[in-house]
Amino acid sequence: LKYKRRVYKIVTLDEKQLKSLHTRANLRRFLDYVQNGQMEKVTKMCSKGLDPNFHCQESGETPLTIATGIKKPAKVIMALVNGGAILDYRTKDGSTALHRAVEHKSLESLKTLLELGASPNYKDNKGLTPLYFTVHPNVDPVFSETLLHDHATTGAADTQGWQEVHQACKHGLLKHLEHLLFYGADMNAHNASGNTPLHVCAVNGQESCARQLLFRGADRQALNYANQTPCQVAVIAGNMELAELIQNYRQEDVVPFRATPSYNPKRRSAIGLLTRAPSLSTLNRPPSPCPSDRSSLPFSSASSSLSDGSVPPEMDTASIVTETPLTIATGIKKPAKVIMALVNGGAILDYRTKDGSTALHRAVEHKSLESLKTLLELGASPNYKDNKGLTPLYFTVHPNVDPVFSETLLHDHATTGAADTQGWQEVHQACKHGLLKHLEHLLFYGADMNAHNASGNTPLHVCAVNGQESCARQLLFRGADRQALNYANQTPCQVAVIAGNMELAELIQNYRQEDVVPFRATPSYNPKRRSAIGLLTRAPSLSTLNRPPSPCPSDRSSLPFSSASSSLSDGSVPPEMDTASIVTGWNGIYWTCN
C-alpha cells in the first residue's frame, strides 16, 4: 500500500478506501468503462487510486488490451497509461497490448502504444512477438513496417521453427517479405525440418516470393534435413516452372540491399506524453527516413527487458548501467540483509543487468547459496533468460557449481530445456562434464532425456562421445532411447565406436529393456512461494535459508515472476502455477479480478 501512495502521491490515502476501490464490482465496472470508451470515468477511477493492472476473471484480459479493440482507442489508452497502466503488462496467455493491437488490426492502437514506449519485442507464452502475428494474409503489411521501424526484431519462431519469413513465403505475402528482408530477417533461416524460406516457396508454389528471395541472394543450394535443395523440393511438389527458375537463376542477377533501414530516431519516453494523446497527424505520419540514433532502451523501464534478451544493434548502450545494486549484493558476504534492504527500498527482484542477467543469474555465478535462497524466498523468478537465452538453472550445471544449486532452483519450479546457440540443454551439459548428481536432479524434475541439440545429438550421444559411463548408465537406467539418431543418422552406440569408447558402446548395445526403472516418486516443489509483501519487514532467518526443500507436492499459488518485469522470457508458464493470486511489483499490488 505504501507503493500506491508513492505512485499516486496521495499521502492521506486510507488503506480501507484503497481496498474498497478494488472490489470485484468496481473492477468489472472499470472494464465496462474501458470497453465503452468512457475516458472521463476511466480517468476518474484511476485518479481515486484504482490500479489498472489486473486481469478480467472471465477473459484473462487487462484493461489496456481491451482498449486496443475499441473504436478510437488512443485517448482511452492514454487515460489508462496516465492512471498507472504498465504498457507491457500481460494477459493470462502472455500477450501484451501490442499483440492485441495486431490481433484487432488496430493501427491507431499500435502506433499509440509504440509512441508511448511499449516494447515491440515481448513474446507471448508461445514465444511469438507482435511482429510474427502481422505476417498473415488478413493483416496489412503496414503493421509489419511500423513495428520494424520501431526496432522490432525478427527471428521469433513457433514450435515448428517457422519464423516470420517462412510464414510470409508460405502465404505468398510479398510486401511483408520485402519489409522483413529489408530490416535484416534471415533469408536462409532453417525451420525444425531444415527448410529455408526458399524451400517453403518451392513446396507451396509461391513464385513471386521465390523471385524476391533469389533477387536478394538466398542460397539456392541450401539443404534441409532430408538433404534436399529448394529445386529438388519444387520438383517433388510438382512445381516444375519454379524448379527451373531456381535452378537457372544467375548469380550476377543478385542485387543485395544497398540502402539502410530507417528506424524511429528517438523513441520518446511515456513521461513526456502523459498529458496528451498522440495527435492524428503523428499517428498517420510515415516512418522517418533517418537512420536510427536511438539511445533509449527498447522497452519501458517499468516492465523489464526484452523477453528474448536481445538488444537491437542500433541501440546506444552507453547509458545502460552494467550491473544493478541487487546483482552486486549477491556477490558479497552475508548478502541476505542487504538484499532485503534493497527490496524493501523498491528494488525489482528480476531487474536485469546490461547483459540481460537477473540477480539469480549472478547468485549462481558467485556461487552464493544464501543469495539464491533469499531471492527465491522473496519471489524472484527462476525462469528468466539472459541475452543468450539461458536461465540460472543452465549455469548451475557446471563442474565448479554444487548440485544443491540445481536442486534448489528445480524445487522452486525452475523449468528445464533452456538451450544455447548450439542447442545444448542442461542435460547435455551434465553429460558432457560427467555431472551425475546434476543429471539425477534434472531427470527427476522432468528434463527431457532424449532432447536433441543442433546436431541432433541426445544426452546419450554426448555421453558416448565423451566417454561418460556413469551418466550413460543413469540415462539407460531411466529409459533413454538407445536407438535415437542424430542428424548424421548415427545411434549412441555408433558414436561411441567412432569415438573409440568400445566398453561404453558395448554397454549401450547390450542394455536390456527390463533393466529400465522409470521414476515412480513425484518431484517435491516449494508448496507455496510467499509473496514479497509479507517479507518486506524482515530478512529470511538463517533457519529458513538452511531448511531443506519441502517433500510436499506443489500447490504453488503465486506467479513465478514479478509483474513489474513482465513474464517468462520464453513465454512459458509452469503447469503448477495458479494465476489467481496477487502479483507484486514496482508500484505495490497489482490486483487480479477474481
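Trainee: Which residue just after H12 takes a positive phi, and of about how many degrees?
Mentor: This is a predicted model, and the residue sits just after helix H12, which spans residues 174–182. The residue is Gly184, and its positive phi is about 95 degrees.

Trainee: Which residues of H12 are buried, and which helices do they pack against?
Mentor: The buried residues of H12 are His176, Leu177, His179, Leu180 and Leu181. These buried residues pack against helix H9 (130–134), H10, helix H11 (164–171) and H14.

Trainee: How are the axes of H10 and H12 placed, roughly parallel or roughly antiparallel?
Mentor: The axes of helix H10 (residues 141–149) and helix H12 come within 9 Å and cross at roughly 10 degrees. Angles under 35 degrees count as roughly parallel. H10 and H12 are therefore roughly parallel.

Trainee: Which residues meet between H10 and H12, and how do they divide into nonpolar, polar and charged?
Mentor: On the H10 side the residues are Pro141, Ser144, Glu145 and Leu148. They meet Lys175, His176, His179 and Leu180 in H12. The contact of H10 with H12 divides into three nonpolar, three polar and two charged residues.

Trainee: At what angle do H4 and H6 pack, and what is that arrangement called?
Mentor: Helix H4 (residues 39–47) and helix H6 (residues 74–82) have their axes 9 Å apart, and the angle is about 5 degrees. H4 and H6 are therefore described as roughly parallel.

Trainee: Which residues make the contact of H4 with H6, and how do they divide?
Mentor: H4 contributes Met39, Val42 and Thr43 to the contact, while H6 contributes Lys75, Ala79 and Leu80. The residues of this contact divide into four nonpolar, one polar and one charged.

Trainee: Why is helix H8 described as largely enclosed by the rest of the structure?
Mentor: H8 covers residues 107–116. Its buried residues are Ser109, Leu110, Lys111, Thr112, Leu113, Leu114, Glu115 and Leu116. Because eight of the 10 residues of H8 are buried, the helix is largely enclosed by the rest of the structure.

Trainee: Which residue follows H8, and what is its phi near?
Mentor: The residue following H8 is a glycine with a positive phi. It is Gly117, with phi near 110 degrees.

Trainee: Where is Glu207, and which residues is it in contact with beyond its neighbours in sequence?
Mentor: Glu207 belongs to helix H14 (residues 207–215), and at 33% relative accessibility Glu207 counts as partly exposed. The C-alpha atoms of Glu207 and Asn239 are separated by 9.5 Å, although these two residues are 32 apart along the chain. Leaving aside neighbours within four places in sequence, the contacts of Glu207 are Leu242 and Leu245.

Trainee: Is Lys334 buried or exposed, and what is its phi near?
Mentor: Lys334 is in the loop between helix H18 (325–329) and helix H19 (336–344). Its relative accessibility is 72%, so Lys334 counts as exposed. Most residues other than glycine have a negative phi. For Lys334 phi is positive, near 50 degrees.

Trainee: Where is Asn489, and what is its phi near?
Mentor: Asn489 is found in the loop between helix H27 (469–477) and helix H28 (492–498). With a relative accessible area of 57%, Asn489 is exposed. Its phi is also a positive value in a residue other than glycine, near 60 degrees.

Trainee: How many helices and strands does the protein have, and what percentage of its residues count as buried?
Mentor: The secondary structure comes to 30 helices and two strands.

Trainee: What does the protein average in pLDDT, and over which residues is the pLDDT below 50?
Mentor: The average is 79, and 77% of the residues score at least 70. One stretch with pLDDT below 50 is residues 268–321, which has 123 contacts in the model beyond near neighbours in sequence. Where pLDDT is low, the predicted coordinates should not be read in detail. Another stretch under 50 is residues 530–594.

How values were computed:
Residues numbered from 1 in each chain as written. Predicted model: local features only at pLDDT ≥ 70, side-chain atom pairs only at ≥ 80, totals over all residues. Heavy atoms only, no water. Buried < 20%, exposed > 50% of the residue type's maximum accessible area, 1.4 Å probe, protein only. Helix = DSSP H or I, 4+ residues; strand = E, 2+ residues; numbered from the N terminus. pLDDT = per-residue confidence, 0-100. Contact = heavy atoms within 4.5 Å. Axes fitted to C-alpha atoms, helices over the stretch in contact; angles between N-to-C directions. Parallel < 35°, antiparallel > 145°, perpendicular 65-115°, else oblique. Nonpolar A, V, L, I, M, F, W, Y, C, P; charged D, E, K, R; others polar.
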